[in-house]
Amino acid sequence: YDVDHIIKGSGSGASVSTDDLTIYKKELVLYGYSDYELFKKFWLNGGVRYQQAKYRFDQRASSVRYETREPSETVMMGGVKYEYADGCTAHFSFQETFRFLATDEWYSTWSGLNTNLQQQTGVQYEIGIRHKFSDALVFEATPYLINLKNEIYLNPYPSPGQNENYDKTMRKGIELNLDMDILQFAKVRFLDKLELYTNYTCQQAKFKAGDYSNKDIPMVPRQQAGIGLRTGFLGRYLLSLDGKYVGERYAINDTRNETPKVKDYFVLDGRLSYTKDNLEIYGAVNNIFNRKYSSYVVKSASSTLKDYYPAPERNFEIGLSYKF
C-alpha cells in the first residue's frame, strides 16, 4: 500500500490553518494461515501476520519539520473447531489485533501535527456454536470479548479536541443469527424461494481506567437487530424486505456520558428485481415507513448542545446492471 495525504491550509489568524504538510505512508504485509484436521471432525487453525508501516511527515509551513515513524507488528491467531453433527459445529478462537493510524489521524486542524501517537493493539476471544436443525433452519450464537490498548479516538476535551490514544477499552457481547428456509415447511407453487433471516447483537463497550473509566464508548448501541425476508417467483423476480434496528447510544464526543442517549430507530427497505441472462433491472424503496431519525449525532465539546445529521426520509431508486 502506498498513500500520500496532502494537507494545505490558507488564510491568516489564530483559528485558521496555514499548514503545508504532506504525510506519506507505505505498508508491507506478510501473512500465512493453516487449517488442519487433527482428528476426524476436529480441526486446528492458526495464522501469523507481519505488517510494517513507514510514515514520512514533510511540513513546509507554518514551520519547517521533517520526521519519520516506522511501526511494525507481528500478531497471531489460533482456534479449534469440532463438528459434532452434520452441519453443526462448535468453535473457540483468539486473535491478536492491531490498527495503524490513517494518514489524516496524525493531524488536527486546531492543534496541528502530532507524531507522538501510538498504534492501536488488542486481543479478541470468541466462542460459538452453529446448529443446523434441518435444511430449513440454522441457528448461530457467538459470545465475544475484545480488549484494546491505545485505541485511537477523538478526545473532545479540552475543546475543540484532538486525536489521542486511550489506555484501555473493552467490548463484550453476543451475536445471534437465525436463517430459515420457509419453503421447506410449506410449499408455495408460484414461489421459487422464501427465506427469513434474523440477527441480534447485544454489546457493552466501555472505556477502562483513565479519565472516562467505566463510561460507555459513544455511538456504540447496546442493542442492534436485523430482520429480512427474501422471495423469488416466476423464475426471474426477486423481492426482498430488510429491516434494521439500532438501539440508543451516546452521541459522538459524549465520552463523559453527560447527555441523554440518542433515540433508537427502526428502518425498513424494500427491493424488487428482474433478472434475465446477464441483465438485472431493479427498483427500491428505502425507509418505507418514512421514519425521521439521525444515524450521526455529535455533541459540542464546550456545552450540552448536539448537532443532528438527518438520515434520508423515504426515497426511491431504479437501476440496471449488466454482467459481461
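The model is a predicted one, in which local features need pLDDT of at least 70 and side-chain atom pairs count only at pLDDT 80 or more, while totals for chains, interfaces and linings use all residues. Residues are numbered from 1 along each chain as its sequence is written, and side-chain values use heavy atoms, with hydrogens and water left out.

**Overall picture**

- The chain has 19 strands and 0 helices; both are DSSP runs numbered from the N terminus, with helices being H or I of at least four residues and strands being E of at least two.
- Along the principal axes, the C-alpha atoms fill a box of roughly 75 × 55 × 45 Å.
- Of the 324 residues, 35% count as buried, where buried means under 20% relative accessible area, exposed means over 50% and partly exposed is in between (1.4 Å probe, protein chains only).
- Take the contacts (heavy atoms within 4.5 Å) between residues at least 6 apart in sequence: 56% of them join residues at least 24 apart.

**Surface, charge and cysteines**

- The chain carries 41 positive and 40 negative charges, and their mean positions are 3 Å apart. Here Lys and Arg count as positive and Asp and Glu as negative, with His and the chain ends not counted; each charge is placed at NZ of Lys, CZ of Arg, CG of Asp or CD of Glu.
- If you are thinking about cysteines, the structure holds 0 disulfides, a disulfide being a pair of cysteine sulfur atoms within 2.5 Å.
- Cys88 is buried at a relative accessible area of 2%, whereas Cys202 is partly exposed at 29%.

**Nonpolar cores**

- A nonpolar core is a set of buried Ala, Val, Leu, Ile, Met, Phe, Trp, Tyr and Cys residues joined through side-chain atoms within 4.5 Å. In soluble globular proteins, nonpolar side chains tend to be buried together.
- The largest core has 15 residues, and those with the most contacts inside it are Leu21, Ile23, Tyr55, Phe57, Leu101, Trp106 and Leu113.
- Strands β2 (20-39) and β3 (42-61) each supply at least two residues of this core, and β3 gives the most, with 3 residues.
- Leaving aside neighbours within four places in sequence, Ile23 is in contact with Val3, Asp4, His5, Ile7, Arg56, Phe57, Thr103, Trp106 and Leu113.

**Residues in loops**

- Pro71 sits in the loop between β4 (65-69) and β5 (72-85) and counts as buried because its relative accessibility is 15%.
- Beyond residues up to four places away in sequence, Pro71 touches Gln51, Gln52, Ala53, Tyr55, Phe100 and Gln119.
- Thr255 lies in the loop between β14 (237-246) and β15 (265-276), and at 2% relative accessibility Thr255 is buried.
- Among the residues that Thr255 touches, not counting those up to four places away in sequence, are Tyr157, Phe207 and Pro218.

**Residues in strands**

- Phe92 is found in strand β6 (residues 88-99) and is partly exposed, with 38% relative accessibility.
- Phe92 and Ala102 are 10 residues apart in sequence, yet their C-alpha atoms are 31 Å apart in space.
- Phe92 also touches Gly78, Gly79, Val80, Tyr125, Glu126 and Ile127, not counting residues up to four places away in sequence.
- Lys306, in strand β18 (residues 306-310), counts as buried at 19% relative accessibility.
- Lys306 and Ile252 are 54 residues apart along the chain, and their C-alpha atoms are separated by 9.1 Å.

**Backbone angles to check**

- Most residues other than glycine have a negative phi, and most peptide bonds are trans.
- Asn150 is not a glycine but has a positive phi of about 55°; Asn150 lies in strand β10 (residues 137-155) and is partly exposed at 25% relative accessibility.
- Met219, also not a glycine, has a positive phi of about 65°; Met219 is in the loop between β12 (191-208) and β13 (223-233) and is partly exposed, with a relative accessible area of 22%.
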